Amino acid sequence: MTQIQTHGVCTNLPESCRLAASGQPQALDASGGRCSECGATLVAPAGPLRSAAPLKWLLPLLALLLVGAALWWWLHRAPATWAAPAVAVSAAAVVAASGPPSGKGDGGSTIRLHGSNTVGAALAPALVKAFLAREGYTSVERQPGASAEDSVLTGRRPDGASLRVELQAHGTATAFQSLAAGTADIGMASRAIKADELKTTSQLGDLAAEGSEYVIALDGVAVIVHPSNPLQRLSIAQIRDLFSGRVSDWAAVGGPAGPVTVHARDDKSGTWDTFRSLVLDKQPLVAAAHRHEDSRALADAVAADPQAIGFVGLPYARQAKTLAVADGTANALRPSRFTVATEDYALSRRLYFYVARNAPPLVRKLADFAVSDEAQKLAQAEGYIGQIPEADEGVGAAAVEALPAEYVRLTRGARRLAVNLRFKPGVDQLDNKALRDMSRITRLLESRIGPSQHLMLLGFSDGQGDPCANLTISVQRAQSVARDLGTYGLKASAVQGYGSAAPVASNDTPSGRERNRRVEVWMSERAVEPVAAARCH
């Protein structure tokens, strides 16, 4: 009778996947060999197969073959190279771990990261260095590449094995071009993959699927002006008018009279793609805009010109002044750790790694590391926003007068986790980031929730469609999160939905509607009064 292994266990880092941490077996035929939670490779667990009968003859045969191979090598070895196998085996282990050769360096032990300058300038090198150290590479060197946006990191272990990581940071668009061409193993992106890019990379699987799309950190696109500019806030509509040239004098938006000088990132930049999508919509950038490949150069140019305005990723604002931004009817918010972590800030964005579904194990191991708690702390140290959901006080992003009275009552004096669980349109299915966020929230709540702490889950929808349907789906989303947390013994004291109330973004755009589809997670030290069942009026 043919014997098969029917189950496997997740190979991800324990802190990155609950199923990896628990060692829970998963059906191989149902999962396609991938973890149902994080997409990492499944391997057969230690222990018996469905039937151990074949082992009675298979194991002795394998042992005999190994002994024979060892004897042949002993008789034919060259005296001068007697010590070489130890190093060769270690180097081969690196190649074996990384699967088929990727790149041209050191027999295949090369990982190639192409794409976003925002990711590749500082964040990716920091993640790679930490990953190499974690893998036992005690000596790590970084050398410049062919251009200022290129570099090579090489790690060496005490046994002589090496691993080479190539970074090319020429803009998010190049991530998907290189993945499609087979010249990159990981795509670095400062925006989500587009529909046309999904088509050109379809041979790699669905890169937008769980297990291929990794949100490695959060960032805010900061709108910046000269420090002497008295403006404190602008709406997205006003920013659009300034950057499109429809408004060319500061006086039209409440600033001092004078011409506006526009600075923008170049066309290959993911920061530019994000800004164009969230702000410009279909309006073209003013022809006189000064374009920059590097965010630091752009920020320095704005900080040196009292008439200037520009946009950069939050860590690159440098000496320039950041403005609060309002989207639709929501409050104007400045980019901060909390407002970006919750994605309430109008120009918040996600930073990504993209990997093929069948990526070599070592490539996937680096991507898995990039979403671990250790990596999120590194992202925070580099000026980005990590995804460890700490708690903060407040009543959310919207104006208090716009909030339902029950919501205000529940959240008064409570602490909100710095994360919004977001959903796919029209359903209570979490998006890829939220699936990982649930693991992070579970670990946090398991250590924090006690007799004096009460958990509240408050759901919201976008403003599209029937109000009663919106209210229903917002309740269902909060309930789905409650059910998931309940499997870990975490019981919510309040589970409620508020439909399209209290939007954090405009419902006129896809990105705004996506941010409004959310569940907020709150903790209160006082007893929570029962909530009334949500009803349509």
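Which residues does Phe-243 touch, not counting residues up to four places away in sequence? Phe-243 touches Val-262, His-263, Phe-275, Leu-280, Pro-284, Leu-285, Val-286, Ile-309, Gly-310 and Phe-311, a contact being heavy atoms within 4.5 Å. This is a predicted model, in which local features need pLDDT of at least 70 and side-chain atom pairs count only at pLDDT 80 or more, while totals for chains, interfaces and linings use all residues. Residues are numbered from 1 along each chain as its sequence is written, and side-chain values use heavy atoms, with hydrogens and water left out.

**Nonpolar cores**
- A nonpolar core is a set of buried (under 20% relative accessible area, 1.4 Å probe, protein chains only) Ala, Val, Leu, Ile, Met, Phe, Trp, Tyr and Cys residues joined through side-chain atoms within 4.5 Å.
- The largest has 94 residues, of which Leu-113, Ile-216, Phe-243, Ile-309 and Phe-353 touch the most other members.
- Strand 9 contributes the most to this core, with ten residues; strands are DSSP runs of E, at least two residues, numbered from the N terminus.
- A second, separate core of 21 residues includes Leu-417, Val-419, Phe-423 and Met-523.

**Strand 13**
- Six of the six residues of strand 13 (residues 308-313) are buried.
- Strands pair if DSSP finds at least two bridges between them; strand 9 and strand 13 do so in the antiparallel sense over five bridges.
- Val-225 stands opposite Ile-309 in strand 13.
- Strand 11 (residues 261-265) runs parallel to strand 13, joined by two bridges, and Thr-261 has Ala-308 as its bridge partner.

Definitions and conventions:
Buried < 20%, exposed > 50% of the residue type's maximum accessible area, 1.4 Å probe, protein only. Helix = DSSP H or I, 4+ residues; strand = E, 2+ residues; numbered from the N terminus.
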